[in-house]
Amino acid sequence: MKKAVHSLRRRWASAQGAVATMTLGAAAWWSTSAHAVGSLEGGPQVRGLNFQPAASRMAEELHSLHWFMLALCAVIFVLVFGVMFYSILKHRKSVGHKAQELPEPLWVELGWTIVPLLIVIGMALPATKLVVAQKDTTNADLTIKVTGMQWKWGYDYLKGEGEGISLLQTLDPEHRRIADEGARGVKLDNYLLKVDNPLVVPVGKKVRIITTATDVIHAWMVPAFGIKQDAIPGFVRDNWFRAEKTGDYYGQCAELCGKEHAFMPIHVRVVSQDEYTAWVQEQMAVMAAKADDPSKVWTLTDLVARGASVYAANCAVCHQANGQGAGPFKPLDGSAIVTAEDQSEFLQIMLNGKGAMPAWRQLSDTELAAVMTYAKNSWSNNTQRLIQPAEVMAAR
């Protein structure tokens with residue numbers, strides 16, 4: 001008997017040790033895995049249960065409307081189900097109650113018709129007021145056209161300070177590489193949210209956003225500003241925001257737009273007026289430097305060098321740095337179209353797109369000529385042939 005008791009005690013101690021080990025292991029996993037990244041200011045929050053912190057008056061109004069609706073629905077839920085469960089318990093058959101047919105007075109009929117109507121009106125009025133305010137894009141200080149493309153964003157400053165600036169916003173190649181490798185051991189607060197060219201706007205200014213798309217439906221969304229607007233091919237929609245705080249704010253495409261949907265982040269940098277003016281001057285200088293004369297005749301070496309940067313910024317995400325392609329994106333290395341002596345088909349695909357390949361008309365003649373020349377003379381492609389900007393201009 002003593003031996004049996006002693007054996008049971010040993011087993012119990014062993015089980016306790018195993019439970020303790022599992023508990024410590026789970027705690028260690030939670031501390032290293034669940035807290036691998038921190039909250040990103042202007043972006044996702046660790047254990048975030050509410051909306052992201054508001055950075056505009058519109059977002060604050062949306063938050064208030066959300067809580068008003070939630071509280072109202074909670075009160076209705078408690079009242080309706082409270083009366084129902086009270087009636088079920090208090091008047092159940094097991095305590096002697098019997099079902100009766102009761103007359104339905106007129107005031108009851110009117111009550112359960114008028115009260116819900118008043119509740120709906122009470123919910124609709126503030127919601128309608130907010131929707132109308134969201135669509136009031138008049139008197140904007142800046143107007144920016146946002147173009148969704150598979151899978152990047154194009155920004156064109158159409159009106160206001162910075163008019164004429166155009167830029168493309170794509171996912172940082174290093175973040176894409178990390179994602180392709182499974183993101184093992186990565187501890188980046190801005191994982192898959194880092195871009196090459198943030199959209200820059202001044203604080204306290206009303207910014208009108210005009211959205212459209214070149215291929216499929218996208219959606220431009222920045223939660224901290226309370227803005228989400230679909231970008232639809234062939235249509236133009238508009239919305240606006242006014243950032244009340246400087247800083248970096250993040251969003252993502254909110255419409256399923258294809259296999260690279262997860263790699264279409266949005267980064268808006270809100271700066272002071274002086275910083276914005278300096279940024280505009282810097283961008284104007286960069287654009288002036290890039291405004292190459294399409295009639296200029298380039299050497300093969302210079303075009304390949306220029307094309308390498310264009311390829312890394314715009315093409316490597318789909319065709320990969322080694323030119324091998326992936327999925328629907330065909331390899332450029334060894335491609336008969338790329339290495340062909342006749343450039344017409346290659347040019348038409350670059351300008352108009354084909355299949356999963358989007359059109360690249362937003363690039364300048366020199367940039368297109370450079371990236372095509374780079375593709376013709378990289379990896380195993382050693383054609384020693386080049387395309388001059390004038391050829392691209394003629395093909396347009």
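Modeller: Please do. Keep in mind that this is a predicted model. Let us start with Asn 314, which lies in helix α6, residues 300-314.

Colleague: Why is Asn 314 called buried?

Modeller: Its relative accessible area is 8%. Buried means under 20%. The value falls below that cut-off, so Asn 314 counts as buried.

Colleague: What makes the pair of Val 310 and Asn 314 a polar contact?

Modeller: A polar atom of the Asn 314 side chain lies 3.0 Å from the backbone oxygen of Val 310. The limit for a pair of N or O atoms is 3.5 Å.

Colleague: Which residues is Asn 314 in contact with, leaving aside its neighbours within four places in sequence?

Modeller: Lys 152, Leu 168, Trp 360 and Leu 363. Contact here means heavy atoms within 4.5 Å.

Colleague: Now the sheet. What is the order of the strands in the open sheet of 3 strands?

Modeller: The order is β4-β10-β9, and the pairing is mixed.

Colleague: Why do you say that β4 and β9 stand at the edges?

Modeller: β4 (199-202) and β9 (247-252) each have a single partner strand, so one side of each is left without a neighbour in the sheet. From one strand to the next, the twist averages 25°.

Colleague: Which way do the β4 residues point?

Modeller: Leu 199 and Val 201 point one way, Val 200 and Pro 202 the other. All are buried. In a regular strand, side chains alternate between the two faces of the sheet.

Colleague: How many residues has the largest nonpolar core?

Modeller: It has 35 residues. Ile 144, Tyr 155 and Val 268 are among those with the most contacts inside it. Elements giving two or more residues include β1 (142-149), β4 and α5 (273-290). β10 gives the most, with 4 residues. Another core, of 24 residues, lies apart from it, with Tyr 311 and Met 357 among them.

Methods:
Residues numbered from 1 in each chain as written. Predicted model: local features only at pLDDT ≥ 70, side-chain atom pairs only at ≥ 80, totals over all residues. Heavy atoms only, no water. Pairing = 2+ DSSP bridges. Axes fitted to C-alpha atoms, helices over the stretch in contact; angles between N-to-C directions. Buried < 20%, exposed > 50% of the residue type's maximum accessible area, 1.4 Å probe, protein only. Polar contact = N/O pair within 3.5 Å; in protein donor to acceptor, adjacent residues only side chain to side chain. Core = buried A, V, L, I, M, F, W, Y, C linked by side-chain atoms within 4.5 Å.
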